[in-house]
Every structure is written in structure tokens, then in C-alpha cells.
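Reader: I would like to go through the terms used for this model one at a time, and ask what stands behind each. Please show it first.

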Amino acid sequence: MNETSTTAEPPTHLILQMALRDVSVLFRTPWIIITRALSFIVQVFVFANLISGLIHIPGINYFEYYAVGSVVATIASISFVIGYDIFEEAEEGVLDYLLTLPISRRQFIIGRALGGAMRAIVYTIPMFIIVAVFWGFSQPVPILTALLSLFLLAFGVTGMSITVAVSVKSANRFDVVLALLELAVSRASTALYPIGFIPIYVAVFAPFSPVSFAADSAHSSLVNLTLDLPAIAGLVAFVVIFLGLGATFYFRRLEGGVYA
Amino acid sequence: MSNTRLIPLIIERDVRILFSDAFLVAIMFANFSIDLFVTAATFGRLVTGQGANYFLYIAPGSNLITAMVAAFQSGRDVWREKYIKDLTSYLLTLPVQRPVLAFSRVLGGVVRSVIATFPGTLVICYLYGILFTPKIFIAYLIVGLFSLGIVGLSMAISAFSSSIEMWVTVRSAIQLYLSFLSALFYPVSVFPSFLAPIVSSNPMTWAIQAFRQLSPISFAQVPAGDSLGSIATLAGPSLAFALLGTVCYIWYSKL
């Protein structure tokens, strides 16, 4: 049953319903939210605050740089959580129930990816507001541009997380692979430190990390009040590639190798 | 068979569980490498004016964080045994007294942690120029003593966490405390005075100080001399946490 009858509801409504389900699933596990929020607060207001006293870069307020980067790293981190949900659903048999819902596979997958991105944005907005208020980012257009970059990053990372969730079979391996991937895309990026200080063997790749694209775009918008179009273009490419991959792998998993 | 002769067998079982998926050990080393060669190397270039190479100052932290992750993995395995695999009843049928079983599980976690950080400790010893000196044994002693406390803590969490979400949350909170409220990245004097007691009682503070004292380089605000004083201070919380883990393991096994 690749296509189910969905005449009663318009497709956009069904996709939105799938997405809203994922948003509510995240908020039903408050522990994850508490952990990530605590981590953000300690990292910004303890770690970044203290270490910025030891870092002196002309033209850059490192405390501010790290705070904006932390929001970007946090949204990437929370976007990865959708993979854990999808993996658990498959293990616990909830996926079988979800597949009986009157929604086509395409809408189901787009809804999951959209839900992953939406909940990451909803979750990160309070942190974004803290950073915006603390450093006085008040221009509406730069704020919207930064949020757009964050949303694109969340959308792409969700696709990446779905790809890993449906590709790795062992629960233990899945945990560590996703944690390693999360660490690699965040640390080997320009979110937490300027490119000029990253060792050359990482600096070669760091500008192409999706987290770098989002961080560069957010910094340009909020701090320099300029639009970083190459970074936004990079984010769009990342979204297209990983949503495509995630959807392909998810279709394969759902249909045993037959595309919907 | 006497109780003491069973201890190595229980430890061996825990080590076998670690190697049941060698991929996990490799991933832990990959995490260590990212921490050291990306994050620490970058901060080494960012931070100036510390009187010595900041990269070397924070390098042992990468290894101790790996030890912490490996130590928590032991606690997670104990949690899985109870809530997922339902193995607690079987373990209690083994011909060994419960306190011995519980302490052996803690020791098993320490051995796993030392094994998981074995290559990382070698890398740090190489960076510190003590690879071919007797100080390398002190380096492993520091990792083992630090892991002892963290394994104890992780087993205590396993006793009280009924869901994996709660377990992961408490673990993350402890990891934040160990990483950011310690002397891992900066000296204790940098912290506001109200945080200083929290930082000074953090096992990570003493473990990393002991490591830094092994280096022939004199770092800013690290007391000169051998590591014995710092190791002795580290032993206090480590033994206390190990005892806590043992007691909690016995307590939760009776449930």
C-alpha cells in the first residue's frame, strides 16, 4: 500500500499534522529539552564568558561570536534527535501503526522532516531570544534572515539524521554514530571559532560544513547586518541533498526496497 | 571458588561486553581525536598569554573526557541489564557475595575505561614527552582513579533512574559539571568566588592538575612539583563515589 486514500484531507494539512505530531513528541520528553537548555546556558554564560577573557581577537567579540555559534550548534544538535525517534519507533513497533495512517508515504516523509525542523526551531527560539536581547540584536530583517538560516540547517540535519537512523541497524552503534556525526559537524565548523584559527587540516573542510554555512549566515546577518548569499546557497544545497537521501533511504526501509 | 578469585572473572565479563562491539571503542577514539586535534588545537591557537602552550594545557582534558564517556557507558550497561535485558536476577544467582559482585562491577568499569583511553593516554604522554619514562604509569593511574569515581557515579544514577531519558539527563548534567565547572579549560582563579568551592571539589580539576604536573612544561597557575598531592586529593572523591556506586548497586539489586 504505497498510496492511501487521502481525499478527505488536503495534502498540506496531512503533512502539517505529521509535523505537529513530531513537535508534540519532543515536548513530551522534557528531559531532552532540560538537558540541552542547561548545556546551552552553561556553555554560553560560564564557558564562553570565562574563556573570552583569555581570547583577544581584534575586531571580534568572542563572547558574542560564541553565543551566536552556540545557538547554531544547538539547533543542529536538537535536529539530530528526530533520528533517535525514528529508530525507536521502528524498534518498538510504532512505525507499523504510523504506516496504517491515511497518509501517503511521500507526505509522511516530508511531514517527518518538516516536523524535525519545526520542533528544532520552536525549541531554539527562546535561546535565540536570550542571545538577541543580551547582545542587542533588534533589526527585524537580519533576525529573520538568521532564523531562515537556522531553519534550513535544521531541515537538512533532520534529513541527515533520518538517513543514519534508517541505515544503521544496531542500537548501540546508532547512538555512537549519531553522537560522532553531531560532534564532527559542530566542531569542524566555524560556529564556535573563526576560520583563521582552525588548524589547516580541518580548515580545508570546515567552510563546507552545513553548520558553518548557518553560522556564517547568522553572524553576517546579526553582527555585520549583511546577507551572506553563498552561505545560504550552501544551506539550500545541503537541504536538497540530505532530504533527498533521507527520503530515499526511508522509502527503501518502509517498502523493503520498492520506491513509492 | 573463593570470592576474591571470582573478581577477575566478573571484570573479564565486563571487558568482554565492551569488546562485544569493537566499533564502539574505535568511535570513542574518534571522539577523542576530534576533541584533541580539532577543538583543543583550535583553542590552542585562540588563547594567548597563558605563559605556555594552551593546547598542551587542555590536551589531557580530551583524554579525561573520553574516560568519562567510557565510565558512563559502564553505568549505562548496568542500567540496560536491569531494565532492558532483565539480567539482574541471573547475576544475583552467581556464587559471589553481593558486595564483592558490586565492587567488581565498579572495578570492571574502571578497567574498561582505562582500555578505552589506552591510545589516548599514549598520545598525551607523547605530547608531554613522558612516553618512555616511568611517569607513563602515573598517567594511567590518574586515568584509573578518575574513572573509579565516574563509574561509581554512573552506577549510582542507574540505581535511581527508571527511564533512559532520566538517566541520560542526569549523565549530561554531571558531564557539564565535570567539563565546564572544572579547571579543564582555565585555572580555578578565573571563576567567580562563589563558584570556586564547586570547581575545587570537582574530580576533573584534580585529575587534570595531576596530569599537567607530569609535564616538564610549567603551566601558569599549576603548582610545580610531582603529581602525588593532586592524586591524593583526587583519591578522596573517587573512592567516595566508588563506594556510593557499590552501595547503590547492592541496594537496587535487592529491588
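Reader: Why is B:Glu81 called buried?

Author: B:Glu81 has a relative accessible area of 3%. Buried means under 20%, exposed over 50% and partly exposed in between, with a 1.4 Å probe and protein chains only as cover, so B:Glu81 is buried. Please keep in mind that this is a predicted model: local features need pLDDT of at least 70, side-chain atom pairs count only at pLDDT 80 or more, and totals for chains, interfaces and linings use all residues. Residues are numbered from 1 along each chain as its sequence is written, chains are lettered from A and ligands numbered from 1 in the order in which they are written, and side-chain values use heavy atoms, without hydrogens and water.

Reader: What makes the meeting of B:Arg105 and B:Glu81 a salt bridge?

Author: Their side chains come to 2.8 Å, N to O. A salt bridge asks for a side-chain nitrogen of Lys or Arg within 4 Å of a carboxyl oxygen of Asp or Glu, so this Arg and Glu pair qualifies. B:Arg105 sits in helix 5 of chain B and B:Glu81 in helix 3, so the bridge ties together parts that are 24 residues apart in sequence. (Helices are DSSP runs of H or I with at least four residues, numbered from the N terminus.) B:Arg105 is buried too, at 2%. Both also belong to a network of salt bridges that links B:Arg13, B:Asp14, B:Glu81 and B:Arg105.

Reader: How do you know that B:Asp77 forms a salt bridge with B:Arg112?

Author: The closest N and O atoms of that pair are 2.8 Å apart, so the distance passes the cut-off. B:Asp77 lies in helix 3 (residues 54-83) and B:Arg112 in helix 5 (residues 98-116) of chain B, so parts 35 residues apart in sequence are tied together. B:Asp77 and B:Arg112 are both buried.

Reader: Which salt bridge joins two chains, and why?

Author: The search finds seven salt bridges over all chains, and the count between chain B and chain A is one. A:Arg187 and B:Asp35 meet in a salt bridge at 2.5 Å, N to O. A:Arg187 is in helix 8 (residues 171-187) of chain A and B:Asp35 in helix 2 (residues 22-46) of chain B, so the pair joins two chains. Its ends fall in separate classes: A:Arg187, at 22% relative accessibility, counts as partly exposed, whereas B:Asp35, at 12%, is buried.

Reader: What is the area buried between chain B and chain A?

Author: About 3,300 Å², of which carbon and sulfur atoms give 72%. Buried area is the accessible area (1.4 Å probe) that two parts lose on being put together, summed over both. As for contacts (heavy atoms within 4.5 Å), 34 residues of chain B touch 34 residues of chain A.

Reader: What makes a nonpolar core here, and which residues in the largest one touch the most other members?

Author: A nonpolar core is a set of buried Ala, Val, Leu, Ile, Met, Phe, Trp, Tyr and Cys residues joined through side-chain atoms within 4.5 Å. The largest has 174 residues, and A:Ile51, A:Tyr62, A:Leu153, B:Phe43, B:Phe146, B:Phe185 and B:Tyr186 touch the most other members. Helix 7 (residues 135-160) of chain B gives this core the most, 15 residues. Apart from it lies another core of five residues, including B:Leu18 and B:Ala116. In soluble globular proteins, nonpolar side chains tend to be buried together.

Reader: Where is B:Ile150, and why is B:Ile150 called buried?

Author: B:Ile150 is in helix 7 of chain B. Leaving aside neighbours within four places in sequence, B:Ile150 is in contact with B:Met68, B:Ala71, B:Phe72 and B:Leu178.

Reader: Why is A:Tyr201 called partly exposed?

Author: A:Tyr201 has a relative accessible area of 44%, so this residue of chain A falls between 20% and 50%. A:Tyr201 is found in helix 9 (residues 200-203).

Reader: What makes A:Leu225 stand out in phi?

Author: Its phi is near 55°, a positive value in a residue other than glycine. Most residues other than glycine have a negative phi. A:Leu225 is found in the loop between helix 10 (210-224) and helix 11 (229-255) of chain A.
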